[in-house]
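Let's take a look at how side chains in this protein hold on to one another. Have the sequence and the 3D view open as you read.

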Amino acid sequence: PPKHSAPRAKALGETDDLPKCEPAFIERVYKATKPSVVRITRPDGGLGTGFVFFSNRHIATALHVVDLGRDVRVEFPGGATTTALVVAWDEERDVAILELAEPAEAAPLVARSHVEIGSPVLAIGNPYGDLPRFSRELEGLLNFSVSQGIVSAKSEAFIQTDAALSPGNSGGPILSCDGHVIAIADRLLHEKIGFGVPIAHVSRLFGTIGARKYRGRVTGRDS
């Protein structure tokens, strides 16, 4: 008889039913989820995005955003800042979980394990988020900005989307129209071809928090 793998345990609050998309979901989802999205910076100038996940002490992001894992600075949209340490990671999937020095006031985002090709999505991140430092007319833009697209294709390893994912978006949430996280923004192949790591790969990491000590790595990848 065929062998069946054991069902995967869901993350806290995770859903797999398909959402019903409202015509004006972008503004509603952006307002609801933005407080839980963070800007992540490294001492070497590296910049990326993350989001509160699992608990108000944890941030999910892409592993290449945090690289060395030391002196990671986390900034919330309201301006609150704190530091964080890498407490769980998966190099193959390029995902990581950070533990905040101080708990966040924002609620953890909810995971969605199933999404269909063609489903509308949005991404929140910090594309080219350092440019306002050099160009004053860009102040108030780029950080915590939103882009819209659809799920263009999917596999076990990646979700493909045409939502704009620029340097600085890495580690940020790709959200379904009901505001649940379907993937972590990871890489850009072309201007209109971006890839996210399915959120299930991050959910599996929570059982490994604290099991290993992160000693850092250097990849040279843009964040």
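Arg 39, Arg 73 and Glu 75 are joined in a network of salt bridges. A salt bridge here is a side-chain nitrogen of Lys or Arg within 4 Å of a carboxyl oxygen of Asp or Glu. Side chains of opposite charge can pair when their charged atoms come close.

Before going on, a word on the model: it is predicted, so local features need pLDDT of at least 70 and side-chain atom pairs count only at pLDDT 80 or more, while totals for chains, interfaces and linings use all residues. Residues are numbered from 1 along each chain as its sequence is written, and side-chain values use heavy atoms, with hydrogens and water left out.

How many salt bridges does the rule give? The count comes to eight. Here are some of them:

| Pair | N to O distance |
|---|---|
| Lys 31 and Glu 27 | 3.1 Å |
| Glu 75 and Arg 39 | 3.8 Å |
| Arg 42 and Asp 67 | 3.8 Å |

Strands (E, at least two residues) and helices (H or I, at least four) are DSSP runs, numbered from the N terminus. Arg 39 counts as buried, at 11% relative accessibility, whereas Glu 75 is partly exposed at 22%. Buried means under 20% relative accessible area, exposed means over 50%, and partly exposed is in between (1.4 Å probe, protein chains only).

Now for Arg 42 and Asp 67, which are both buried. Arg 42 is in the loop between E1 and strand E2 (47-53), and Asp 67 is in the loop between helix H2 (63-66) and E4, so this pair links parts 25 residues apart in sequence.

Lys 31 and Glu 27 are another story: they are four residues apart in helix H1 (residues 25-33), which puts about one helical turn between them. Lys 31 is exposed at 57% relative accessibility, and Glu 27 is exposed too, at 53%.

What about disulfides, meaning pairs of cysteine sulfur atoms within 2.5 Å? The whole structure has one. Cys 21 and Cys 177 form it, with their sulfur atoms 2.1 Å apart. Cys 21 lies in the segment before H1 and Cys 177 in the loop between strand E10 (173-176) and strand E11 (181-190), so the pair ties together parts that are 156 residues apart in sequence. Cys 21 is partly exposed at 38% relative accessibility, but Cys 177 is buried at 1%.

Conventions. A disulfide is a pair of cysteine sulfur atoms within 2.5 Å.
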